[in-house]
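Here are my notes on the model you sent over. Have it open while you read, and take the points in order.

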Amino acid sequence: MIHHERVRPDPHVYPPDEWNVIEKKFNPRIIPHTETIMAVGNGYLGLRGCFEEGGPIGQDGTFINGFYETWPIVYGETAFGFAKTGQTIVNATDTKIVKLFVDDEPFWLPNASLRSYDRRLNMKAGMLERELLWETPSGKLVWMRSRRLVSFPHRHLAAISFEVEVKNAEAPVVISSEIVAIHRKSITPEGGDPRQAKVFHDRILMPLTQISQGQRIVLCHETKSSKMHLACGIDHDFETENSYTVKTKHSEDFGQVLYSMNAVPGIPARLTKYMVYHTTATASPEEMCDRVERTLDRVKGQGFLPLQKAQQEFMDDFWRRSDVRVTGLSQYPNGRSDMEIQQAVRFNLFHVLQASARAETTGVAAKGLTGSAYEGQYFWDAEIYIMPFLIYTAPRVAKNMLTFRYQMLEQAKKRAKELGMKGAMFPWRTINGEEASAYYAAGTAQYHINADIMFAMRKYINATGDEEFLVNYGAEMLVQTARMWNDLGFFSEKKGGKFCINGVTGPDEYNTVVDNNLYTNLMARENLRYAVRTVEWLREKDIRSFEILSRKLRLDPGEIEDWKTSAENMFIPYDEALGINPQDDSFLNKEPWDFENTPQDRYPLLLFFHPLTIYRHRVIKQADVVLAMFLLRKEFSLEQKKRNFQFYDPLTTGDSSLSSCIQSILALEIGEYEKATRYARAALLMDLADVGGNVKDGCHIASMGGAWMILAYGIAGMQDCNGTLDFHPKNIPDADISIRIPLTYRGRLFAVEIEGRTAKYTLMEGDDLTLFHYNEEFTLTKQNPVAVRPVK
């Protein structure tokens with residue numbers, strides 16, 4: 001099922017632009033929507049696109065990756081092994097506020113008379129910009145421009161440049177720069193939507209220390225239950241030829257630096273506001289405040305331009321390594337223009353960057369740092385949907401994410417014991433490494449997360465050749481996850497002695513706690529096989545590291561043989577009569593869902609039907625078998641893929657943003673090109689067009705990663721299953737699609753360009769590189785960096 005775009009912006013108000021998301025008129029109706037779209041962040045710190053003047057607000061948000069509050073999960077009826085502690089990202093101290101008063105009248109968008117207005121997310125520069133001309137009730141014309149960035153080079157720093165000029169008269173002007181840490185509810189769940197964040201009714205940021213000196217204010221707080229410390233500081237540079245005074249005041253939860261001036265026509269004033277955030281679970285409040293002050297000392301006095309320049313240099317490098325240029329996806333009826341599609345491509349890549357670049361010691365949350373939905377927690381989709389983009393454009397960031405998973409291995413081992421299993425069981429949803437899923441059927445039962453993480457690690461190792469990571473971290477994770485799979489499954493006499501895995505939930509959360517979910521079994525087999533290959537490789541190539549690993553984990557050689565036997569005998573569901581792979585043992589026995597009599601406004605089903613109603617029907621929330629066919633394409637013949645896709649596609653609701661991208665790739669592979677293009681547009685426009693109807697709660701970061709996969713794996717036809725890169729570009733009949741995509745592989749940077757019936761490969765950086773084109777090997781060298789091949 002292809003869901004339609006809910007937002008089709010007026011091109012006069014939201015003109016298409018390849019590098020900017022532009023708003024030419026204040027639109028109060030979609031404030032929460034634009035707060036998400038216009039959010040800026042760097043992977044550590046994120047600021048929703050709220051107005052500097054502090055309102056009007058849909059959902060305010062200042063988020064720090066990994067900064068969370070804990071709360072006891074309360075069950076009506078509890079059971080052994082249930083998750084005990086919830087984790088929710090905290091809406092942190094707000095430093096975005098810069099209020100403007102002219103003639104003692106506040107600038108307030110809902111009742112302001114605007115002569116001009118331009119607000120834009122500048123994706124090329126990595127900034128949020130706004131410029132407007134305000135006519136006050138007394139007829140004074142006030143020009144105002146703001147630029148906001150969250151620095152990529154400086155992980156803990158954000159900054160605002162705020163400029164104001166009265167054009168036609170003298171006027172008293174006041175600029176109030178504020179820092180606010182008063183707890184307030186920012187989100188009220190609507191209609192019991194389980195995807196939205198928990199609302200705390202009591203205050204959760206408890207004051208510790210405050211500093212005020214000159215134009216600098218530092219506030220330090222502690223979360224009530226998790227006992228994490230947050231130190232946040234602001235400092236300023238103010239430039240004007242107008243006469244002015246400065247006044248500073250602060251309390252436990254509030255700080256204000258007030259600039260009062262007598263503005264003369266034509267003489268501007270420029271405020272540069274530096275905002276710094278540091279968090280910890282261990283350091284003292286005094287040390288945290290010292291860290292904030294050191295960061296402020298380093299940047300104060302520079303002004304905004306050096307920060308802007310450093311940001312631009314970072315963005316130039318990012319786009320050089322990551323920018324995908326595409327035309328021709330607009331050809332079908334009711335399609336978007338090439339410019340709109342190009343804008344959407346860059347919008348998706350830019351927000352993945354903002355969610356991941358400086359995460360470093362954390363994961364990537366489902367909404368990045370654009371909203372608090374899903375509690376700011378990390379899920380499996382980071383490994384399956386986001387990691388491919390990072391592996392082939394920013395492998396260092398991909399390595400950081402895998403290292404973060406390794407750091408929670410001890411907790412995963414503890415969780416496995418709670419579940420009565422050997423080895424390790426990674427949490428389904430978490431911030432701090434502990435399982436935080438209160439609903440085990442659609443949470444803990446998704447054991448496939450172990451295999452998902454190992455799948456992503458294998459992709460990373462193959463693409464980078466980082467054997468050091470495999471030796472130091474990966475091998476241990478592989479052993480512990482293989483132990484879990486071998487213990488979870490069993491050899492079933494009723495299945496002809498095959499290795500079966502019962503009581504699990506696959507990616508599709510509308511079919512829970514089932515036996516022999518196809519995706520889970522196939523991915524578990526890959527996990528077991530990779531563990532066997534890695535341990536045997538280590539024993540042959542690095543006997544010392546093998547012995548250290550064996551002693552540390554008490555690895556028995558018989559275990560390896562057991563993993564091999566389990567993998568070789570894994571049960572793979574197949575129905576001879578239908579010629580398809582059943583999603584699980586019971587799926588084909590369920591009553592078909594009545595799609596014909598389910599109106600569009602009753603989706604997503606999870607908000608309108610009891611789970612038991614959904615579970616007893618043949619209906620799918622998100623790609624499951626289809627996802628398995630994409631990830632493990634070599635395990636299925638083309639004919640199998642066609643039969644499976646044609647069976648499962650009509651049953652898939654699209655209630656998850658994770659479906660469209662995968663359905664597009666498979667549709668391309670089996671030749672259903674119009675459907676593939678429609679799914680591609682749905683994925684590319686998931687947030688800009690609010691396809692899912694909930695962009696107000698934050699961007700769908702995994703879907704954004706999936707949009708890149710459509711371009712790389714779908715249109716460019718990249719295949720990376722066997723440790724090599726083999727391209728099978730698609731020759732789509734009656735289409736004029738062209739694409740250029742840069743990729744990083746084994747330390748080399750190269751570009752793939754598909755145009756018409758020609759594929760061009762260009763080595764941009766690095767040593768000789770061997771690639772494949774329709775299984776035919778060729779090599780790019782510094783002397784011959786370009787190869788041209790026909791598209792079949």
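**Notes on the model**

1. Strands here are DSSP runs of E with at least two residues, helices are runs of H or I with at least four residues, and both are numbered from the N terminus. Before going on, note that this is a predicted model, where local features need pLDDT of at least 70 and side-chain atom pairs count only at pLDDT 80 or more, while totals for chains, interfaces and linings use all residues. Residues are numbered from 1 along each chain as its sequence is written, and side-chain values use heavy atoms, with hydrogens and water left out.

2. Strand β27 covers residues 738-745 and β28 covers residues 748-755; the two run antiparallel, with 8 bridges between them. (Two strands pair if DSSP finds at least two bridges between them.) Ile739 stands opposite Ile754 in β28.

3. β27 has another partner: strand β20 (residues 325-327) pairs with β27 over 3 bridges, in the antiparallel sense. Here Val326 has Ile739 as its bridge partner. As background, strands of a sheet pair through backbone hydrogen bonds, either parallel or antiparallel.

4. How many of the residues of β27 are buried? The count is 8 of 8, where buried means under 20% relative accessible area, exposed over 50% and partly exposed in between (1.4 Å probe, protein chains only). Ser738, Arg740, Pro742 and Thr744 point one way from the strand, Ile739, Ile741, Leu743 and Tyr745 point the other way, and all are buried.

5. A second sheet to look at is an open one, with 3 strands in the order β2-β3-β4 and antiparallel pairing. β2 (40-41) and β4 (62-64) are at the edges with a single partner strand each, so one side of each has no neighbour in the sheet. β2 and strand β3 (residues 45-47) are joined by 2 bridges, and Val40 stands opposite Leu47 in β3.

6. Now two loop residues. Ser657 lies in the loop between α15 (638-648) and α16 (660-670) and is buried, at a relative accessible area of 16%. Leaving aside neighbours within four places in sequence, Ser657 is in contact (heavy atoms within 4.5 Å) with Met686, His700 and Ser703.

7. Asp585 sits in the loop between α12 (557-568) and β23 (591-592). Is Asp585 buried or partly exposed? At 31% relative accessibility, Asp585 counts as partly exposed. Not counting residues up to four places away in sequence, Asp585 touches Lys495, Asp515, Asn516 and Phe571. Gly766 is 181 residues from Asp585 in sequence, and their C-alpha atoms are 49 Å apart.

8. Finally, the overall picture. The protein has 18 helices and 32 strands, and its C-alpha trace spans about 90 × 60 × 60 Å along the principal axes. Buried residues make up 63% of the 792 residues. Of the contacts with a separation of 6 or more, 68% are between residues 24 or more positions apart.
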